[in-house]
Amino acid sequence: MPVIKHVGVFVEFPVMPLREVVMFPRAIMPLFVGREASIKAIESAQNSYDRQIFLVAQRNPELEKPADDDLCPVGVVSRVLQMLRLPDGTIKVLFEGLYRAKWENFRDSGPCAVVRVLRMRERQSRLEEKDALVRAVHEAMEEYGKAARKIPQDAVLAMLGLSDPGPLADAVASHIKADYRKKQAVLESEDVTERLELAYELLQGEMTLASVEKRIKNRVKGQMERNQREYYLNEQIKAINKEMGHEEDPRTEMNELEQKIKARDMPDEARRKALSEVKKLRSMSSTAAEYTVVRNYVDWILDLPWNDLKPIDIDIENARATLDGDHYGLDKPKERILEYLAVQKLSQGLKGPILCFVGPPGVGKTSLAKSVARATGRDFVRLSLGGVRDEAEIRGHRRTYVGALPGKIIQSLKRVKFNNPLFCLDEIDKLTSDFRGDPASALLEVLDPEQNNTFMDHYLDLEYDLSKIFFITTANSLHGIPAPLLDRMEIIELSSYLETEKRHIARRFLVPRQIAEHGLKEHNFRLSENALLEIIRAYTREAGVRNLEREIAALCRKTAIRLVEEDNLEKCVAISRQNLGTLLGVKKYRHEEREDKPQVGVCAGLAYNQRGGEILLVETSLMSGSGHVVTTGQLGEVMTESAKAALSYVRSRADLLGLDARFYRKVDIHVHVPSGATPKDGPSAGITLATSISSALLGIPVRNDVAMTGEISLRGRVLPIGGLREKLLAARRSGIRRVIMPRDNEKDLKEVPDEVLRDLELIFVEHVDEVLPQALDADAGEIFSGRPAARPICSSLRSDKGDSAENQTAQ
């Protein structure tokens with residue numbers, strides 16, 4: 001269809017604004033049209049204007065409905081070649097530019113906006129520059145087409161065939177991706193030479209941009225090729241490692257290890273050692289035997305809490321409440337622990353003695369250490385030393401050994417993740433030694449505040465700081481602890497519980513805990529005081545409360561089965577002393593009771609062991625004989641010597657007691673202590689043995705409401721003893737009313753509860769001569785019926801000749 005040229009005449013066309021697009025004459029351009037006004041303009045052009053429409057760029061592409069002031073002054077009259085409606089409502093239109101034109105008289109009153117356009121006249125200046133400019137544009141376009149390859153080759157060839165400056169400028173400008181404002185300047189230029197210069201300038205700019213873009217692309221491409229090469233190789237390495245059984249790349253693993261070591265808070269020496277070991281790993285094959293050893297060593301260094309400290313706030317009142325809530329009694333140990341915590345709060349450190357809890361089994365040594373940990377906010381670590389006989393258990397094995405590991409100290413610290421826990425070394429008195437070393441000696445460094453800041457574990461071979469750790473040790477006895485180790489610890493003794501204390505513990509702790517553990521309710525289980533006391537006395541014999549808790553648990557089980565059998569979960573099962581035997585069976589233990597009446601040669605003593613106090617009856621019998629003395633009842637060496645000392649005292653006081661001076665030659669004396677299967681030892685039965693022997697020789701019965709305790713010397717002095725609390729409780733339990741004890745033990749009564757002292761008459765003595773009148777059922781005149789010897793025995797040993805010479809010298 002021929003183009004109608006309206007030269008010098010204004011012609012009306014529908015107008016369609018373009019966003020960031022500039023149309024040029026002789027250009028063919030597809031556009032997607034979505035605005036309703038633009039679609040109506042295209043439809044109007046097809047229906048009424050011979051498919052011709054005026055395309056003009058709008059100044060602000062953001063405007064949805066531009067006014068006449070928003071349109072550029074020059075546009076292009078174009079023809080609609082094709083139109084395709086899309087499913088989303090937009091249309092795709094193919095335009096062909098016909099000629100540039102100016103417009104006026106913008107009207108938007110009809111179905112679409114229309115303008116009157118006037119075709120622009122072109123002019124040409126500087127004719128002498130035309131050929132040079134055209135050639136320069138051709139060369140630049142050829143170079144740009146080869147370098148950028150953004151313009152189709154046939155389009156480049158078509159432009160190279162143009163020699164007219166105007167069409168060449170329009171063709172170049174329409175194919176270059178430049179800013180629409182610069183393209184609009186080319187469109188508005190009437191001088192074709194100037195227009196070609198502007199197009200050449202755009203082309204040169206695009207060529208420069210294309211060269212920079214090419215360099216960037218080449219650089220990025222090279223980097224991508226290297227990255228892809230590395231990725232490809234890494235993937236191959238991963239595949240190879242996977243086939244060989246290694247899931248991860250060793251190099252990546254080593255890099256991660258190094259980063260962790262550098263980021264870890266640890267001493268510089270440990271960091272240097274770990275990095276050097278990682279360096280070794282890099283040069284090793286992962287299948288080498290040494291690889292696993294070195295890797296485990298590095299992991300141990302990384303996992304230890306070198307400088308990781310848990311925040312600790314020592315609150316004395318909170319600590320006191322925690323200790324009292326967890327344990328009944330134990331006032332002296334609790335007070336000492338609180339003093340220690342107060343000192344640590346003031347000194348802001350832990351340098352000081354190591355605490356050692358000593359006491360019989362079951363009195364709460366380990367649980368008390370747990371309470372201290374909770375009261376101070378520390379992690380609790382327990383290490384049982386019972387049966388440990390290898391020094392490597394403390395210090396670890398050297399890495400040269402197969403399967404080497406650090407010692408138990410370092411292993412425990414790895415588990416808690418902090419370097420300031422409370423460390424409980426349990427059963428420290430059970431350490432043994434053999435050819436593998438002495439673990440007690442290895443603990444000397446651990447438990448010495450002056451040395452443990454540089455503790456050296458054989459496996460780590462690095463100095464490790466243990467000075468921030470709160471060490472508490474426990475032991476049943478001090479006899480098995482070496483003296484150098486004992487010297488490094490401060491001893492806190494936990495004595496056995498009294499009956500009264502066991503009752504309180506059972507009521508406050510044991511019974512509620514067992515009720516909860518057995519699924520009972522508080523009203524289902526009622527245990528009377530007499531029944532509880534009977535359990536303590538007849539079914540348990542211990543220093544602590546473990547067996548007591550087991551017996552209470554047995555009662556809870558009996559209660560539970562009764563509730564289930566009767567299908568009455570609200571029933572209350574009352575347990576009294578009368579029905580206790582049907583639930584727990586026959587009594588397991590019996591305590592010695594006092595005699596029903598005074599008897600000759602039978603005297604009640606008081607004994608003490610870790611399970612508590614007991615009455616110890618001593619029996620003496622006389623038989624015709626030649627002076628032999630027999631002791632039975634599985635007496636220990638010390639107690640046998642006490643019997644000999646007691647007999648020697650009686651023989652030395654024979655004249656005062658009214659006995660024949662040679663009585664021992666006429667009779668055999670047999671001293672027996674019942675419960676022969678139970679070993680007995682200790683010096684505290686001295687005055688009991690002396691009283692029993694004196695009663696048998698004098699024929700005077702011993703009062704059955706009297707018990708006594710005290711060591712005896714050859715001169716008859718009564719020496720102090722231990723275990724006073726337990727002995728007095730045993731006396732009260734057995735119905736004793738009068739207790740004879742050494743005067744030096746009078747000060748120890750402060751530690752005895754008033755409940756134990758109630759109804760007891762305490763008699764303090766310094767000599768056995770004071771004991772006999774209080775213990776025997778006779779007055780002092782009847783007991784000491786003899787006269788003191790006129791001459792001491794030693795005087796009869798001197799010769800008469802010596803006496804004569806002595807007399808002559810005196811004269």
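The legends below describe close-up views of a predicted model.

**View 1. An open sheet of 7 strands with mixed pairing.** The strands follow one another in the order S19-S20-S18-S17-S22-S25-S26, and the edges are formed by strand S19 (629–632) and strand S26 (761–765), each of which pairs on one side only. On average, and with direction ignored, neighbouring strands of this sheet are turned by 25° against each other.

**View 2. The pairing of strands S22 and S25, with helix H24 packed on the sheet.** Strand S22 (residues 706–708) and strand S25 (residues 738–742) run parallel and are joined by 3 bridges; within this pairing, Ala707 stands opposite Val739 in S25. Helix H24 (residues 724–733) packs on the sheet, where it touches strand S17 (602–609), strand S18 (612–624), S25 and S26, and the direction of H24 makes about 70° with that of S18.

**View 3. The aromatic pair of Phe423 and Phe471.** A search of the whole structure finds 5 aromatic pairs, and this view shows the rings of Phe423 and Phe471, whose centres are 5.7 Å apart and whose planes stand at 35°, so that the pair is tilted. Because Phe423 lies in strand S9 (residues 422–426) and Phe471 in strand S12 (residues 470–475), the pair ties together parts that are 48 residues apart in sequence. Phe423 is buried, with a relative accessible area of 0%, and Phe471 is buried as well, with a relative accessible area of 1%.

**View 4. Charged side chains over the rings of Tyr297 and Trp300.** The charged end of Arg399 sits over the ring of Tyr297, at 3.7 Å from the ring centre, while Lys414 lies over the face of Trp300, 4.1 Å from the centre of that ring.

Notes:
Residues numbered from 1 in each chain as written. Predicted model: local features only at pLDDT ≥ 70, side-chain atom pairs only at ≥ 80, totals over all residues. Heavy atoms only, no water. Pairing = 2+ DSSP bridges. Helix = DSSP H or I, 4+ residues; strand = E, 2+ residues; numbered from the N terminus. Axes fitted to C-alpha atoms, helices over the stretch in contact; angles between N-to-C directions. Contact = heavy atoms within 4.5 Å. Phe/Tyr/Trp six-rings, centres within 6.5 Å; stacked < 30°, edge-to-face > 60°. Buried < 20%, exposed > 50% of the residue type's maximum accessible area, 1.4 Å probe, protein only. Lys NZ or Arg CZ within 6 Å of the ring centre and 35° of its normal.
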